[in-house]
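Let us walk through this model together, from the overall fold down to single residues. Keep the sequence and the 3D view side by side as you read.

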Amino acid sequence: MKSLKSRELLERAEASLVGGVNSPVRAFRSVGGDPLIVERASGAHIWDVDGREYIDFIGSWGALILGHAQPAIVAAIRDQAVRGTSYGITTELEIELAERVKRAIPSVEKIRFVSSGTEATMSAVRLARGFTKRDLILKFDGCYHGHADSFLSEAGSGLATLRIASSAGVPDALAAMTLSVPYNNLASVEKTFAAHSNKIAAVIVEPVAANMGVVLPAPGFLEELRNITRRTGTLLIFDEVITGFRLCYGGAQSLYKIEPDLTTFGKIIGGGLPVAAYGGRAEIMNHVAPLGAVYQAGTLSGNPLAMRAGIEVLRLLEAPKFYEDLNARAEKFMKGMRGSVQESGIAAQVSSIGTLATIFFASQPISDYASAKRSNTRRYAAFFRAMLERGILLAPSQFEALFVSAAHSDADLQRMLVATKESLKAIAALPE
Ligand SMILES: Cc1ncc(COP(=O)(O)O)c(C=O)c1O
């Protein structure tokens with residue numbers, strides 16, 4: 001039962017915001033119940049307007065690897081705010097953040113900062129088209145690359161949650177320029193390249209898919225994408241908006257030892273402020289205006305508040321053994337999750353890598369969008385609600401990830417494991 005405050009705010013939200021939200025999955029449509037209205041957050045904990053406390057495993061959809069309101073990041077933002085919040089003119093901060101990203105990710109020789117992941121992927125694709133002078137792009141079913149027109153066919157994240165195959169408002173002629181094939185299916189990639197030889201500008205891929213739930217690349221999948229794209233003069237774009245600075249400091253490309261031509265970033269590099277970026281080989285990036293003919297610009301691009309937050313977060317992530325320790329803790333936690341699932345006897349799979357995971361309510365391992373979609377989303381919804389009742393906030397959709405952050409204490413993770421056991425037991429009693 002919601003209190004007056006929450007109820008009243010939900011009503012006001014629905015009267016003024018579309019669906020009561022500013023991004024569709026926040027509306028809790030696929031899990032039922034009233035969406036949360038947040039008042040504040042600190043570390044791994046978040047409070048709603050009724051003062052209820054939750055351990056947060058959404059972490060601003062992966063942006064907050066250090067948790068909410070990390071003191072050093074807050075101090076940096078405060079310090080910058082009094083110097084001015086936006087100039088629309090270059091600062092040393094942008095140069096410093098660019099240099100830090102380049103040091104972390106050697107495939108990035110030049111970078112352009114933007115304000116959202118959507119802007120980054122949209123711009124990277126425009127650049128790939130301008131550079132190769134080709135029009136088609138190849139993506140994978142269930143991968144999500146933001147909401148630009150080119151990416152809204154068979155996309156993951158909110159489209160998967162709401163079961164939307166493609167968005168209204170995208171002209172057919174434009175949609176036809178995006179080819180989408182099953183993730184981890186190299187035969188389909190080869191077939192598509194054979195059918196469209198020398199017409200594909202770029203292959204864009206989440207090197208670890210996290211928007212149909214977490215799906216790992218099959219051994220050899222990314223390597224073969226690199227081989228095929230190299231052979232055909234197609235650019236390989238790694239969308240590391242989630243995996244960048246998440247799996248390890250060098251992102252998925254360092255973990256899997258593959259150099260893409262272009263990379264997109266977002267989430268973590270902004271330390272919780274709106275920053276994203278695209279970058280890659282200088283030879284390609286130099287085609288962006290003002291050096292080249294591919295136009296892309298932004299009033300708030302390289303925003304100083306966001307740059308300060310980004311610099312601070314990367315500085316903290318450079319601490320010795322940061323990823324080693326965090327991933328080791330996450331690994332132990334995931335083992336506990338798998339144990340709980342096994343014990344429960346419920347058909348479910350914990351798909352995880354490092355601090356990134358999804359519990360799929362499915363009887364078989366998940367390798368692509370088709371298998372992800374076979375999950376029992378009603379069971380996920382019941383699980384989500386049982387967890388929420390126990391003070392654990394998960395993503396309100398089967399087709400998203402849960403994120404462990406450095407702010408989760410051992411006690412937080414232990415509470416999550418206990419809640420998981422209890423919730424699985426509670427939902428096992430429900431009809432499938
Ligand atoms: C892999 C990936 N690419 C792009 C985006 C789009 O980023 P944004 O929501 O900042 O536009 C997302 C968002 O979740 C994402 O997960």
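Two residues are in contact if their C-beta atoms, placed from the backbone, lie within 7 Å. With that in hand, start with the contacts in the protein chain that have a separation of 6 or more: residues 24 or more positions apart account for 74% of them. Please bear in mind that what you are viewing is a predicted model.

Now step back to the whole chain. The protein chain is built with 16 helices and 14 strands. Its radius of gyration is 21 Å, close to the 22 Å that the globule rule gives for 432 residues, so the chain is as compact as a globular protein of that length. Along the principal axes, the C-alpha atoms fill a box of roughly 60 × 55 × 45 Å. As for the interior, 52% of the 432 residues count as buried.

Next, turn to the ligand. There are 16 residues around the ligand, and those that come nearest are Ser116, Gly117, Thr118, Gly146 and Val241. Which helix gives the largest share of this shell? That is helix H5, residues 117–132, which supplies three residues. By residue class, the shell divides into nine polar, five nonpolar and two charged residues.

Helix H4 (residues 92–104) packs against helix H12 (residues 304–317) at an angle of about 35 degrees, and their axes are 9 Å apart. The crossing of H4 past H12 is left-handed. On the H4 side, the contact is made by Leu93, Glu94, Glu96, Leu97 and Arg100. H12 brings Pro304, Met307, Arg308, Gly310, Ile311 and Leu314 to the contact. Taken together, the residues of the contact of H4 with H12 divide into six nonpolar, four charged and one polar.

Staying with H12, have a look at the loops on either side. In the loop between helix H11 (282–285) and H12 you will find Pro290. The peptide bond from Ala289 to Pro290 is cis, with omega near 15 degrees. The loop between H12 and helix H13 (322–344) is the place of Lys321. Phi of Lys321 is near 65 degrees, a positive value in a residue other than glycine. Is Lys321 buried or exposed? Lys321 is exposed, because 9 other C-beta atoms lie within 10 Å, and a residue with 12 or fewer counts as exposed.

Ala69 also has a positive phi without being glycine, with a value near 50 degrees. You can find Ala69 in the loop between helix H2 (59–62) and helix H3 (71–81). Ala69 counts as partly exposed, because its C-beta neighbours inside 10 Å number 15.

Let us finish with Asp149, which sits in the loop between strand S5 (136–140) and helix H6 (158–161). Asp149 has 15 other C-beta atoms within 10 Å, so this residue is partly exposed. Which residues does Asp149 contact, leaving aside its neighbours within four places in sequence? They are Val170 and Leu174. For a sense of scale, select Asp149 and Lys421 in the viewer: these residues are 272 residues apart in sequence, and 41 Å apart in space, C-alpha to C-alpha.

Conventions. Residues are numbered from 1 along each chain as its sequence is written. This is a predicted model: local features need pLDDT of at least 70, side-chain atom pairs count only at pLDDT 80 or more; totals for chains, interfaces and linings use all residues. Helices (H or I, at least four residues) and strands (E, at least two) are DSSP runs, numbered from the N terminus. The radius of gyration is taken over C-alpha atoms; the globule rule is 2.2 Å times the number of residues to the power 0.38. A residue is buried if 20 or more other C-beta atoms lie within 10 Å of its own, exposed if 12 or fewer, and partly exposed in between; C-beta atoms are placed from the backbone. A residue is near a molecule or strand if its C-beta atom, placed from the backbone, lies within 6 Å of it. Ala, Val, Leu, Ile, Met, Phe, Trp, Tyr, Cys and Pro count as nonpolar, Asp, Glu, Lys and Arg as charged, and the others, Gly among them, as polar. Axes are lines fitted to C-alpha atoms, for helices over the stretch in contact, and angles run from 0 to 180 degrees between N-to-C directions. A crossing is left-handed if the near helix is turned anticlockwise from the far one by less than a right angle, and right-handed if clockwise.
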